[in-house]
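Let's walk through this model together, one stop at a time. Keep the viewer open and follow along.

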Amino acid sequence: MAVLMSPPAVRATPAAEPKPRRVSPTATVLLLLGAAYCLLPVLWVLIASTKSASELFNTFTFLPSTHLFDNIAFLSGYRDGLYWRWMVNSAIFAGGGAAVSTLVSAMAGFALAKYEFRGKRTVFNLVLAGVLVPGVILAVPQYLLLAKVGLTNTYWSVLLPSFISPYGIYLCRIFAAATVPGEVLEAARMDGAGDGRAFFRVALPMMRGGLVTVFLFTFVAIWNNYMLPFIMLGDDKLFPVTVGLSGLLNQGATQPAMYTSVVTGAFLSIVPLVVLFLTMQRYWRVDLGAGAVKM
Amino acid sequence: MRTRGAPYGFLAPALVLFAAFLAAPVVYAGYLSLRRVKVSGLGLGAGARSEVWAGLGNYTRSLTDPEFVPSVLRVGAYGLVVVPVMLGLALVLALLLDAGRTRVGTFTRTAIFLPYAVPAVIASLLWGFLYLPRVSPIVDVLDRVGITAPDALSSGWVLYAVANIAVWGGTGFNMIVLYTALRAIPTDLFEAARIDGASDIQIALRIKIPIVGPSLIMTFLFSLIATLQVFAEPMTLRPLSNTISTTWTPLMKVYRDAFVRNDIYSAAATSVVIAVATFVISYGFLKLVGSRAFSQEN
């Protein structure tokens, strides 16, 4: 077996936090410093979004003020709530893209893991090459091809390229191999289930945990993708929030009053992802070296 | 056998999408990179501009472009800062968490992973403001103790300013990957060493790090690929700084050539060069370390 599958958590207390043996002050201080570094900009944006335009540049950075709701109201009023359209667009791109991409990856991963067929090796090598070819470099030729069929500047121009995720297929294949026993599929077939039924009714539920992880990673990847929508979309009503806010920042360079809106918008845009991230925390476990998605 | 066609059916959506949005763009970029526009007459009217074979002209033009080489060198320097710092931090933090010598494990793990939820554009925006001397708390605090902080967005510092954003955004993700790998090591592999009096540091260096080697290789590879395509961070910082040119990174040059100058042929050639270089570097790296990760099972 070439890809190392690591055994499921073998430690005595795998789920819980390891019990502190002797508490080391050095370890504690270093970890807290790391946490402070990572939380600093998030804390800053939370505080800065409570400041009025003049306070942003004139009061001490970490001194909160009382203008959060004014700022949100002002941002919401900007061109008839354009900001909220951007948020909805991001949700459509990331939610729709990740859902379809996960299903496509699950089907392909399942086929690669559970069937012997002609061309299997070629398909798998293609997937691996796809993992190594950086997606953003494809953005320009993708744009030109989609322009030929008249799809640029539509939702589809961002959704369609995000439906295919070689890394998602790679993860799904490992996950199908690890969680769907061949005997269970055989049993389903004996009971007269066709291949489609065996996949949707038997394999898919068994892969569910891993698919949630694949969905989350794809969701974040699409939400964070900047270059693809930046190139594909011209109409700012179709922008996801990342492209919209960077455009707003550009305007801020000439009218500094916009900066308050940019900061408030940045703060509001990370709230849903932080919530998603905190609630789904137990699914964020990927062991790249072992190539395994673990639950 | 009735299952004969089934795997192809399951693969069909992936293969169609792969062909349309990965393979076709790669082939099309390759084709465009060998073409150029021929202007006849004054270049006015229909038919005055036609596309003709260009040979390797776009490649020589791209590779000898006075702005291309500096952008490659800049990204090289950027990668030399980002990759070791980010992975070093991720490994140290993962080992500290795994050693279980602290009561703040859960909190710090969540806090350090949190930046992963912040898109690069938003992260650049936040740090951009933190870099602006008029807003920056760092400048403020240093000012109070009488130190004049360097301008993070000045030409001497801007590379590190962008690198810091990437390190901030990527450390937590890599830490979780390495931490997951560390948690999978059976404890009896180092319990014996511990009873023999080995210190946590010895156990980390001699036992844990070698075992998570494959994970380190993969995090290194993915970080390298991400580094070569840096785009969102410098693009976002541009309005705040005049030290970031339109060709600051190779991918920014591709964007400018394609969409500002409408020279898609040169952009295609540069894209192909970047893609081939990325592929060769990552494939070569995997060969070099003899990694078995990413190869066919069985």
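Which handedness does the crossing of H3(B) and H9(B) have? It is right-handed, where right-handed means that the near helix is turned clockwise from the far one by less than a right angle, and left-handed that it is turned anticlockwise.

Before going further, a word on the ground rules. This is a predicted model, in which local features need pLDDT of at least 70 and side-chain atom pairs count only at pLDDT 80 or more, while totals for chains, interfaces and linings use all residues. Residues are numbered from 1 along each chain as its sequence is written, chains are lettered from A and ligands numbered from 1 in the order in which they are written, and side-chain values use heavy atoms, with hydrogens and water left out.

Back to that pair in chain B. H3 of chain B spans residues 68-99 and H9 of chain B spans residues 200-211; helices (H or I, at least four residues) and strands (E, at least two) are DSSP runs, numbered from the N terminus. Their axes come within 11 Å and cross at roughly 115°, the axes being lines fitted to C-alpha atoms, for helices over the stretch in contact, with angles from 0 to 180 degrees between N-to-C directions. H3(B) and H9(B) are therefore roughly perpendicular to each other; the scheme calls angles under 35 degrees roughly parallel, over 145 roughly antiparallel, 65 to 115 roughly perpendicular and the rest oblique. On the H3(B) side, Leu91(B), Leu95(B), Asp98(B) and Ala99(B) meet Asp200(B), Ala204(B), Lys208(B) and Ile209(B) of H9(B), a contact being heavy atoms within 4.5 Å. By class, this contact has five nonpolar, no polar and three charged residues. Here Ala, Val, Leu, Ile, Met, Phe, Trp, Tyr, Cys and Pro count as nonpolar, Asp, Glu, Lys and Arg as charged, and the others, Gly among them, as polar.

Staying in chain B, find Lys253(B) in helix H12, residues 250-260. At 0% relative accessibility, Lys253(B) counts as buried, which is to say under 20% relative accessible area, with exposed over 50% and partly exposed in between (1.4 Å probe, protein chains only). Leaving aside residues up to four places away in sequence, Lys253(B) touches Asp65(B), Phe68(B), Thr246(B), Thr247(B), Ser266(B) and Thr270(B).

Now let chain A meet chain B. The axes of H1(A), residues 25-48, and H4(B), residues 105-113, come within 8 Å and cross at roughly 35°, and the crossing is left-handed. Leu31(A), Leu32(A), Gly34(A), Ala35(A), Cys38(A) and Leu39(A) face Phe107(B), Thr108(B), Ala111(B) and Ile112(B) in this contact, whose residues divide into eight nonpolar, two polar and no charged.

Chain A itself has 14 helices and two strands, and 55% of its 295 residues count as buried. Among its contacts between residues at least 6 apart in sequence, 74% join residues at least 24 apart. For a pair within this chain, look at H13(A), residues 241-252, and H14(A), residues 258-279: their axes come within 8 Å and cross at roughly 160°. H13(A) and H14(A) are therefore roughly antiparallel to each other, and H13(A) passes H14(A) in a left-handed crossing. The residues in contact divide into eight nonpolar, five polar and no charged.
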